[in-house]
Amino acid sequence: MSSVFITAVCYKSKTLKDGTNPIMLRICKDRKKKYISLGISVFAKFWDFKRQKPKSNCPNKDDIERLIDLKTREYKNLAIEMSANNKSYTPNTLADKVETKLNIQTVGEFYDKLISDYLKKEKYGNALIYATSKRCIQRFTHSNLSFTFDVIDPKWLLRYEEWMKASFKETTVSLRFRTLRSVFNKAIEMEVVKKDLYPFDKFKVSKFNTSTKKRAISKDDIKKIEMLDLSSEEWYIRFSRDLFIFSYYCAGINYCDIALLTFSQIKNDRLSFYRHKTFSRSKLRKEISFALCRTSA
């Protein structure tokens, strides 16, 4: 991997309104150049163009040199880190990484914030999904979530996959990865991690087989449950059986929707309702309606 050269220069090609020239950081690699403004400028007469540094009589010389040294070391350190990790970069990508200011948080801190936000919004299902994902990663990392998102690269994901497959079915593994991918996307949106570190372009979650073998109870078994003599059982056992049979005959209505049913929803021997799960989402408000059969007393 070729070397990178970082030098401070007085940019003579541009003159500001006050007659000064901006001091830029010039990044050179593979014959490509990138100029980064340091936000300061000097009169050309105070700059040593041969040695590329302020002259001894330059106003604020020490402050200017201190800023140049600080920014130069910042870029050089990142270049060394990228090279050590065998990651390719250009002057442009190096500048993007340094100049983009991130709201650095650990994975654990970000999970906690997500879960807290969902709880405040009373979205308990979402909070539970992310809390479960967090606990799974905690088990994998032996309760250490004090690392940042840049650690989660394709190699880390492969180790996580191997660890999970030893204990979970593939459908669960897929769910955990889809949740982690969602967390990573949210971290990018909130500028906690840079977009170019997104690992799921190489590590494909779609590779997991999430098909589930169909499991359907037979009509004969339903009849057996319906005709089962529970007269000697407690009322709640009989009631549980009745709820199950009612759900089966009413197009699989879930128990939350059963609890919210009213007599006003029965018209012309038909029961109509909106699923509670999608009731508040206008685009998904699809009415469910089916005929009720009358039986002789």
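A residue counts as buried under 20% relative accessible area, as exposed over 50%, and as partly exposed in between. By this scale Arg26 is partly exposed, because its relative accessibility is 22%. The structure described here is a predicted model, and the account that follows begins with the surroundings of this residue.

Arg26 belongs to strand β2. When neighbours within four places in sequence are set aside, the contacts of Arg26 comprise Phe5, Ile6, Thr7 and Val9, together with Lys33, Lys34 and Tyr35. Along the chain Arg26 and Pro91 are 65 residues apart, yet a distance of 9.0 Å separates their C-alpha atoms. Pro91 in turn is one of the buried residues of helix α2, which spans residues 91-99.

Two packed helices are described by the angle between their axes and the distance between the axes. For α1 and α2, the axes come within 10 Å and cross at roughly 115°, and the crossing is right-handed. On the side of α1 the residues that take part are Lys71, Glu74, Tyr75, Leu78, Ala79 and Met82, and these meet Leu94, Ala95, Lys97, Val98 and Glu99 of α2. Sorted by class, this contact between the two helices holds seven nonpolar and four charged residues, and no polar ones.

Attention then turns to the nonpolar cores. The largest of them has 34 residues, and those with the most contacts inside it are Phe149, Ile152, Trp156, Tyr160, Phe177, Leu180 and Phe200. Two or more residues each are given to this core by α3 (107-120), α4 (124-140), α5 (154-165) and α6 (170-189), and the largest share, seven residues, comes from α6. A second, separate core of 23 residues includes Val4, Ile23, Ala79 and Tyr89; of these, Ala79 is also among the residues through which α1 meets α2.

Within the largest core, Leu180 is one of the residues with the most contacts. Beyond its neighbours within four places in sequence, Leu180 is in contact with Tyr111, Ser133, Ile137, Ile152, Trp156, Leu157, Tyr160 and Phe200. Thr179 lies in helix α6 and is buried, with a relative accessible area of 6%. Apart from neighbours within four places in sequence, the contacts of Thr179 are Ile129, Tyr130 and Ser133, and Ser133 is likewise among the contacts of Leu180.

Tyr11 is located in the loop between β1 (5-10) and β2, where it is partly exposed, with a relative accessible area of 28%. With neighbours within four places in sequence left aside, Tyr11 is in contact with Asn21, Pro22, Met24 and Tyr35; Tyr35 is also among the contacts of Arg26. The C-alpha atoms of Tyr11 and Ala44 are separated by 9.0 Å, although the two residues are 33 residues apart along the chain.

Two residues other than glycine have a positive phi. His142, in the loop between α4 and α5, has a phi of about 55° and is exposed, its relative accessible area being 70%. Asp269, in the loop between β6 (266-267) and β7 (270-274), has a phi near 60° and counts as partly exposed at 33% relative accessibility.

Asp269 is also among the contacts of Leu292, which, beyond neighbours within four places in sequence, include Ile266, Arg270 and Leu271 as well. Leu292 is found in the segment after β8 (287-291) and counts as partly exposed at 28% relative accessibility. Between the C-alpha atoms of Leu292 and Lys267, which are 25 residues apart along the chain, the separation is 9.7 Å.

Notes: Residues numbered from 1 in each chain as written. Predicted model: local features only at pLDDT ≥ 70, side-chain atom pairs only at ≥ 80, totals over all residues. Heavy atoms only, no water. Buried < 20%, exposed > 50% of the residue type's maximum accessible area, 1.4 Å probe, protein only. Helix = DSSP H or I, 4+ residues; strand = E, 2+ residues; numbered from the N terminus. Axes fitted to C-alpha atoms, helices over the stretch in contact; angles between N-to-C directions. Left-handed = near helix turned anticlockwise from the far one by under 90°. Contact = heavy atoms within 4.5 Å. Nonpolar A, V, L, I, M, F, W, Y, C, P; charged D, E, K, R; others polar. Core = buried A, V, L, I, M, F, W, Y, C linked by side-chain atoms within 4.5 Å.
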